[in-house]
Amino acid sequence: MLVCSTPVPPARASAIVINGHVLAPHPRLLWTAADLKIRRRNAVDVSVAVARADSVLVKTHTLNDSLYFVEYPDPQQPHRRLTHHQWPYWTLLTRELDGDIEALAYAWQLTHRHAYFERCRRLTLALSNWWYWTDLDYGLQPCMDTAYLTKSTAVAYDCLYDSLSAADRTTISSAIVLKGVEFMRRNALDPKSYLYLPSGSPN
């Protein structure tokens, strides 16, 4: 069971220096503090972001497949497909999760509304606790599913970072490294992998 935490709106943090390079404070992947400052002044940007995030708050499950989906707000590891199908269903499922998490993270940064933070946090923690980040129907190797899951959790980690607990940061960052980055790195030079030869992917 996930315990609800009360987030604190991000505080201005000092820049981090690694090997002489200045690393900007969070958020820094898709949007910077300067970007967000401008966007918060744009009523249209804010209203569109809020509407998109609100649509995620009312979702009870992913919508791309009526038979194969995961439930919100704490999606569990998807099952393998029970019947043969031309297209692995994980690709659409993980792309939908990626879009929903990004929408919540963006709306949180614009409004600091607790509901967006909490739903984004729970979705991201649930994904971080999946056993693996790839569809086993086409082998234990990284694919588009891995990329979507790595991106979505990284965006959430970046946008929610200053308000996450130390334990949540560890859970999410460990998943990004082990189930995403390292998993892809290990397979990048394998001639049989989809990373090495994308044309071999079923997607």
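Which helix holds the place of Thr 153? Thr 153 sits in helix H5, which covers residues 144-160. This is a predicted model. The chain has 203 residues, and 41% of them count as buried. Its secondary structure comes to six helices and two strands.

**The chain as a whole**

- Along the sequence, the elements run in the pattern β-β-α-α-α-α-α-α.
- Take the contacts between residues at least 6 apart in sequence: 69% of them join residues at least 24 apart.
- The accessible surface of the chain is about 11200 Å². Carbon and sulfur atoms account for 60% of that surface.

- Is Thr 153 buried or exposed? Thr 153 has a relative accessible area of 0%, so it counts as buried.
- Neighbours within four places in sequence are left aside here. Thr 153 then touches Thr 124, Leu 127, Ser 128, Trp 133, Ile 172 and Ile 176.
- Thr 153 is also one of the H5 residues that make the contact with H4.

**How H4 packs on H5**

- Two packed helices are described by the angle between their axes and the distance between those axes.
- For H4 and H5, the angle is about 135 degrees and the axes are 10 Å apart.
- H4 and H5 are therefore oblique to each other.
- Their crossing is left-handed.
- Which residues make the contact? H4 supplies Phe 117, Cys 120, Arg 121, Thr 124, Leu 127 and Ser 128. H5 supplies Leu 149, Ser 152, Thr 153, Ala 156 and Leu 160.
- By class, the contact of H4 with H5 has six nonpolar residues, four polar and one charged.

**How H2 packs on H4**

- Helix H2 spans residues 43-57, and helix H4 spans residues 114-128.
- The axes of H2 and H4 come within 10 Å and cross at roughly 55 degrees.
- That angle makes H2 oblique to H4.
- The crossing of H2 and H4 is left-handed.
- On the H2 side, the contact uses Val 50, Ala 53, Asp 54, Val 56 and Leu 57. On the H4 side, it uses Ala 115, Tyr 116 and Arg 119.
- How many polar residues does the contact of H2 with H4 have? There are no polar residues in it; six are nonpolar and two are charged.

**Backbone features in the loops**

- Most residues other than glycine have a negative phi, and most peptide bonds are trans. Keep that in mind for the next points.
- Where is the place of His 112? His 112 belongs to the loop between H3 and H4.
- His 112 is not a glycine, yet its phi is positive, at about 60 degrees.
- His 112 has a relative accessible area of 30%, so it is partly exposed.
- A cis peptide bond links His 26 to Pro 27, with omega about -10 degrees.
- Pro 27 lies in the loop between strand E2 (21-23) and helix H1 (33-40).
- The peptide bond from Tyr 72 to Pro 73 is also cis, and its omega is near 5 degrees.
- Pro 73 is in the loop between H2 and helix H3 (90-111).

Methods:
Residues are numbered from 1 along each chain as its sequence is written. This is a predicted model: local features need pLDDT of at least 70, side-chain atom pairs count only at pLDDT 80 or more; totals for chains, interfaces and linings use all residues. Side-chain values use heavy atoms; hydrogens and water are left out. Axes are lines fitted to C-alpha atoms, for helices over the stretch in contact, and angles run from 0 to 180 degrees between N-to-C directions. Helices (H or I, at least four residues) and strands (E, at least two) are DSSP runs, numbered from the N terminus. Angles under 35 degrees count as roughly parallel, over 145 as roughly antiparallel, 65 to 115 as roughly perpendicular and the rest as oblique. A crossing is left-handed if the near helix is turned anticlockwise from the far one by less than a right angle, and right-handed if clockwise. Contact means heavy atoms within 4.5 Å. Ala, Val, Leu, Ile, Met, Phe, Trp, Tyr, Cys and Pro count as nonpolar, Asp, Glu, Lys and Arg as charged, and the others, Gly among them, as polar. Buried means under 20% relative accessible area, exposed over 50%, partly exposed in between (1.4 Å probe, protein chains only). Accessible areas come from the Shrake-Rupley method with a 1.4 Å probe; for residues, only the protein chains shown count as cover.
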